[in-house]
Amino acid sequence: MLTSTATPTTTAKSVKAPPVHKLSKIPFILLLIVVGLTFVFPAVPKAVSPAELNPADIAWMLTATAFVLLMTPGLAFFYGGMVNRKNVISTMLQSFICMAMLTVIWVVFGFSLAFGDSLGGIIGNPATFFMMQNVLDGAPWSLAPSIPLVLFAMFQLKFAIITPALITGAFAERIRFTSYTVFILLFFVFIYAPLAHATWHPEGILFQLGVLDFAGGTVVHMSAGWAALASAIFLKRRNEPTHSPAMITFVLLGTGLLWFGWFGFNAGSAMGANSLATTALATTMAASAAAALAWIFFDGLKGRKPSAMGTCIGAVVGLVAITPAAGFVTLPHSIAIGVIAAVVSNLLVEVRTRTSIDDTLDVFPCHGVGGMVGMLLTGVFATKSVNPAIADQGLLFGETKLFLAQLGAMVGVSLFAFGGSWLLLKLTNLISPLRVTCEEEQLGLDLSQHDEKM
């Protein structure tokens, strides 16, 4: 049970209230500006949605959208159960705050940055859908013609929400909460939105090159993974880098919610209630199950007992790896993707522990590397027999163009996401220090950042 400890007595014993920062008024002022904009840009629809929309597709996409939102609370439990008990609330809140912040940003200009009229194939025009103008009554998205544009926008919002939340596992237990909110705003504008536009907009540069990313292996998991690695290096090691997980039952619960929500993540990316959605659902299930087994079986080869943590981490790695491939590969090949990704990520976790990099919850070896493995294996296993819409098939079917496109994009996105995130971390640190003090870290972020405890 989470209880507030924000009483004068408890606060005095825990940590002195910090002085009010000179920039502390800015967030509320910005929110008031947004409220003012709602009067200037009410986005009142001029007409009802076209009659040719498909009710079954709408029903499924409404459901899938809710599924994907559930993944962020699932991630909160997944990460929250792994950290030290004194940092559980802070770690979980870092995921929950993304649901609030990214939604407001998305409505104001975020959707437009990702899916507005293309500016050089790199970013969307922020004026296209500013304050959701022309969304309620707009023509359906070209790649989702059977559902309203606003539903497509809300579905894509959920991807934008969970991506910065994934990064939090890398700098858990040592980041200042207010500085974190600045960073996720910058990350969305300069990393996530350009990648989403380049990959999923028909005029995006990666889309034009034939790069395949069915549901976010590149846009979501690679970007988050490389940002996580940059964050772990930039913030340096914790003062106490080892700890016992606060509650493994939280990890199990979080994994279940993630697995459940991932069916909306992948099957929803078919953009309709169709056979492709069923294929994506099936490959998602198979890959995750295979990866969970591969993780604990591989641990067994190293003399370790099968663990709940290992099973959960393996399952999530499988979900990550199948994400870019879910609508392009067969069921047997999804099992291969899950096993390969689990083994590679397991080895990378082992390598990471021998370095000085303090990626608290191994976000880069699991999400970053899992996303890269999935992206490359899409270039191996993708087939027109599963998805006739693709222009090229994978290496296994005798073609090389797709694999080379996937490989080139992997290198380019890696450099962009890591380098860009590093610069944004430096900029954030100039605006507001990222790292908590030694005293705050020792006390725990739940108390030092939020005056709350479990």
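**Reading aromatic pairs**

Student: As what does Phe-41 count at its relative accessibility?

Tutor: Phe-41 counts as partly exposed, at 26% relative accessibility (buried is under 20% relative accessible area, exposed over 50%, partly exposed in between, with a 1.4 Å probe and protein chains only). The model is predicted, so local features need pLDDT of at least 70 and side-chain atom pairs pLDDT 80 or more, whereas totals for chains, interfaces and linings use all residues. Residues are numbered from 1 along each chain as its sequence is written, and side-chain values use heavy atoms, without hydrogens and water.

Student: How is an aromatic pair read, and how many does the whole structure hold?

Tutor: A pair of aromatic rings is described by the distance of the centres and the angle of the planes. Rings of Phe, Tyr and Trp (its six-membered ring) pair if their centres lie within 6.5 Å; planes under 30 degrees apart are stacked, over 60 edge-to-face and the rest tilted. The search of the whole structure finds 26 aromatic pairs. One of them, Phe-41 with Phe-130, is edge-to-face, at 5.2 Å centre to centre and 90 degrees between the planes. Phe-41 lies in the loop between α2 (26-40) and α3 (55-80) and Phe-130 in the loop between β3 (123-124) and α5 (149-167), so this pair ties together parts 89 residues apart in sequence. Helices (H or I, at least four residues) and strands (E, at least two) are DSSP runs, numbered from the N terminus.

Student: Which aromatic residues form one cluster?

Tutor: Trp-106, Phe-111, Phe-115, Phe-129, Trp-141, Phe-152, Phe-188 and Tyr-192 form one aromatic cluster.
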